[in-house]
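Have the viewer open and follow along.

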Amino acid sequence: MKNATIENVNKFRGFDVVNGQVDISTDEYIEMLDDVYGDVTIAGMTYSAGTALEAVDPVAFRCGLGDYESQIQAEMEDALENEDYSDIDWIEELEDDEE
């Protein structure tokens with residue numbers, strides 16, 4: 001398929017893709033952490049897991065965000081390689097190769 005390149009991907013699984021790189025916002029990462037880990041209790045107070053991690057250990061939070069982006073990036077590249085376009089939104093519509 002013509003235009004089926006990483007440079008033509010606008011979104012993958014709802015995440016923005018900018019210049020071929022997955023770009024996950026802080027809020028999106030917090031939402032994922034909250035979905036996976038739910039609430040945490042610290043000294044009797046309840047917080048969302050993502051918000052707590054960001055406040056308690058911002059370095060670990062940023063490292064985790066980078067790892068999560070890398071994981072989603074690899075999954076997008078795999079989807080492109082295997083021509084599984086079901087989770088991809090394109091910048092331009094795909095065109096059939098003319099041969």
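D87 counts as partly exposed because its relative accessibility is 33%, which falls between the 20% and 50% cut-offs. Keep in mind that this is a predicted model. D87 makes a salt bridge with R13, and the closest N and O atoms sit 3.3 Å apart. D87 is in the loop between helix 3 and strand 6 (88–90), while R13 is in the loop between strand 1 and strand 2, so this contact ties together parts that are 74 residues apart in sequence.

R13 is partly exposed because its relative accessibility is 41%, and E75 gets the label partly exposed at 26%. Through shared partners, R13, E75 and D87 end up in one salt-bridge network.

## The other salt bridge

How many salt bridges turn up in the whole structure? The search finds three. One of them joins the side chains of K11 and D16, at 2.5 Å from N to O. K11 is partly exposed because its relative accessibility is 26%, and D16 is partly exposed too, with a relative accessible area of 35%.

D16 takes us into strand 2 (residues 15–18). Which residues of strand 2 are on its covered face, and which on the uncovered one? F15 and V17 are on the covered face, whereas D16 and V18 are on the uncovered face.

Strand 1 (residues 9–12) pairs with strand 2 in the antiparallel sense, over two bridges, and F12 has F15 of strand 2 as its bridge partner. The hairpin made by strand 1 and strand 2 has two residues between the strands, and here R13 shows up again, with a positive phi near 50 degrees.

On to strand 3 (residues 21–23): strand 2 and strand 3 run antiparallel and are joined by three bridges. D16 stands opposite D23 in strand 3. These strands form a hairpin as well, with two residues between them, and N19 in the turn has a positive phi of about 50 degrees.

## Strands 4 and 5

Further along, strand 4 (residues 39–42) and strand 5 (residues 45–48) pair antiparallel over four bridges. If you want a spot to look at, T41 stands opposite T46 in strand 5. Strand 4 and strand 5 make a hairpin with two residues between them, and the turn residue A43 has a positive phi of about 50 degrees.

## A negative patch

Now for charges on the surface. D27, E31, D35 and E54 gather in a patch of negative charge there. Which element gives the patch its largest share? That's helix 1 (residues 26–37), which contributes three residues.

D27 lies in helix 1. Is D27 buried or exposed? D27 counts as exposed because its relative accessibility is 60%, and the cut-off for that label is over 50%.

Terms used:
Residues are numbered from 1 along each chain as its sequence is written. This is a predicted model: local features need pLDDT of at least 70, side-chain atom pairs count only at pLDDT 80 or more; totals for chains, interfaces and linings use all residues. Side-chain values use heavy atoms; hydrogens and water are left out. Buried means under 20% relative accessible area, exposed over 50%, partly exposed in between (1.4 Å probe, protein chains only). Two strands pair if DSSP finds at least two bridges between them. Patches are made of residues with over 30% relative accessible area and no salt bridge: like charges are joined within 9 Å, nonpolar side chains (Val, Leu, Ile, Met, Phe, Trp, Tyr) within 5 Å. Accessible areas come from the Shrake-Rupley method with a 1.4 Å probe; for residues, only the protein chains shown count as cover. A salt bridge is a side-chain nitrogen of Lys or Arg within 4 Å of a carboxyl oxygen of Asp or Glu. Lys and Arg count as positive and Asp and Glu as negative; His and the chain ends are not counted. The place of a charge is taken as NZ of Lys, CZ of Arg, CG of Asp or CD of Glu.
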